[in-house]
Amino acid sequence: MIASALSATPGTADAKETLTWLLRDFPPLTIFAGPQAGQGAIDKLMPELIAQMPEYNHQIMHVNRARGTQMLRDPDVFACDPTLLWTAERAKTILFSIPTYATPGNGVTIERRNHAMFAPFLDADGHLDLAALLNANTVKTGIVAERSYGPTIDKILKATTQPDSLILHYGNAAVGSMLQMERLDRFQAIISYWPEARYHAQQQGIALEELEFFPIKDAPKYQFAHIGCSKTDKGREAIEIINREMRTLRTTKLISFYAEWMVDKRQYLQDAQTFFDDAEN
């Protein structure tokens, strides 16, 4: 679905390439429906970034994760996705920008009433041993098809001896749908970002006190996301411009946009002061 198209000066459109931005329903980064539609952190970033890229005509297309991945891998498509984690596998077919924002790491969201099922796998700090949980085969866990959860969790999911305990969701608003399925006891755990799960719970009228979130043992506190583009000459040219603009926009705009959705906004803003200190970032 093409959500909107943004063109440049009339009469010059034909001379410009059209860059397709692939957005999925991924609160609190992108929000497609409801009273806060268009108010996600990336929703707010896109007009700012597009305004700095007059070299192109821009169109925004709503896709799910699987469709977005397929389009980025298609050499005949000129597209970018502003919400990608870097993985070695993806880097074979997708070009990545510099880091653009840091998100709290993925973890496991459960119904608090099921806490006893997870207690044996929690350490003293409340971190969940996901590998041990999956291999025990005592719960079913919902995951979004073709989403990367970062290298630590991806490795655990790939290596589990109980792959049948993983329930894949391919649709739109996947985490929201999985929260509903979890309440019906179709499975007992969801792997996601906590701000994402919180958003969907609030939209569905689920009291946050009824949910519990566990960070994953050995996973980093934050993960850096990137803009990913088609691995073509057109994509390379776009990435050069994106990198130039995001070095400024990520600190002057995007950090504050995303901080609005954090459970502890003050802590996030404090941590954000060092996000991009590395010269390679």
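Guide: In what follows, Ala, Val, Leu, Ile, Met, Phe, Trp, Tyr, Cys and Pro count as nonpolar, Asp, Glu, Lys and Arg as charged, and the others, Gly among them, as polar. The model is predicted.

Visitor: By class, what residues does the lining of the second largest pocket have?
Guide: The second largest pocket holds about 420 Å³ of space. It is lined by 18 residues, and Pro-104, Gly-105, Trp-194, Phe-213 and Lys-221 are the closest to its centre. H7, S11 and helix H9 (265–272) each give two or more residues to this lining. By class, the count is 12 nonpolar, 4 polar and 2 charged.

Visitor: Which element gives the largest share of the lining of the largest pocket?
Guide: The largest pocket has about 720 Å³ of space. Of its 27 lining residues, Thr-87, Ser-148, Tyr-149, Gly-150 and Asp-154 are the closest to the centre. Helix H2 (65–73), S8, helix H5 (151–159) and strand S12 (222–230) are the elements that give two or more residues. The largest share, 5 residues, comes from H5.

Visitor: Which strands are the edge strands of the open sheet of 5 strands?
Guide: The strand order is S9-S8-S10-S7-S11, and the pairing is mixed. From one strand to the next the twist averages 30°. Two strands pair on one side only, and these edge strands are S9 (166–169) and S11 (211–215).

Visitor: Which residue in S9 stands opposite Thr-141?
Guide: Strand S8 (residues 141–144) runs parallel to S9, and 4 bridges join them. Across from Thr-141, the residue in S9 is Leu-166.

Visitor: How many charged residues are in the contact of H1 with H8?
Guide: Helix H1 (residues 41–51) packs on helix H8 (residues 233–259) at about 145°, with the axes 10 Å apart, and the crossing is right-handed. H1 brings Ala-41, Ile-42, Lys-44, Leu-45, Glu-48 and Leu-49, while H8 brings Glu-245, Met-246, Leu-249, Lys-253, Leu-254, Phe-257 and Tyr-258. There are 9 nonpolar residues and no polar ones, and the number of charged residues is 4.

Visitor: At what angle do helix H6 and helix H7 pack?
Guide: H6 passes H7 in a right-handed crossing. Val-175, Gly-176 and Leu-179 of H6 meet Glu-196, Ala-197, His-200 and Ala-201 of H7, which by class makes 4 nonpolar, 2 polar and 1 charged residues. The axes of H6 (residues 174–183) and H7 (residues 194–203) lie 9 Å apart, and the angle is about 65°.

Technical notes. Residues numbered from 1 in each chain as written. Predicted model: local features only at pLDDT ≥ 70, side-chain atom pairs only at ≥ 80, totals over all residues. Heavy atoms only, no water. Axes fitted to C-alpha atoms, helices over the stretch in contact; angles between N-to-C directions. Left-handed = near helix turned anticlockwise from the far one by under 90°. Contact = heavy atoms within 4.5 Å. Pairing = 2+ DSSP bridges. 1 Å grid on protein atoms, 1.4 Å probe; cavity = no way out; pocket = protein on both sides within 12 Å on 5 of 7 lines; lining within 4 Å. Points joined across faces, edges and corners; volume = space filled by probe spheres on them.
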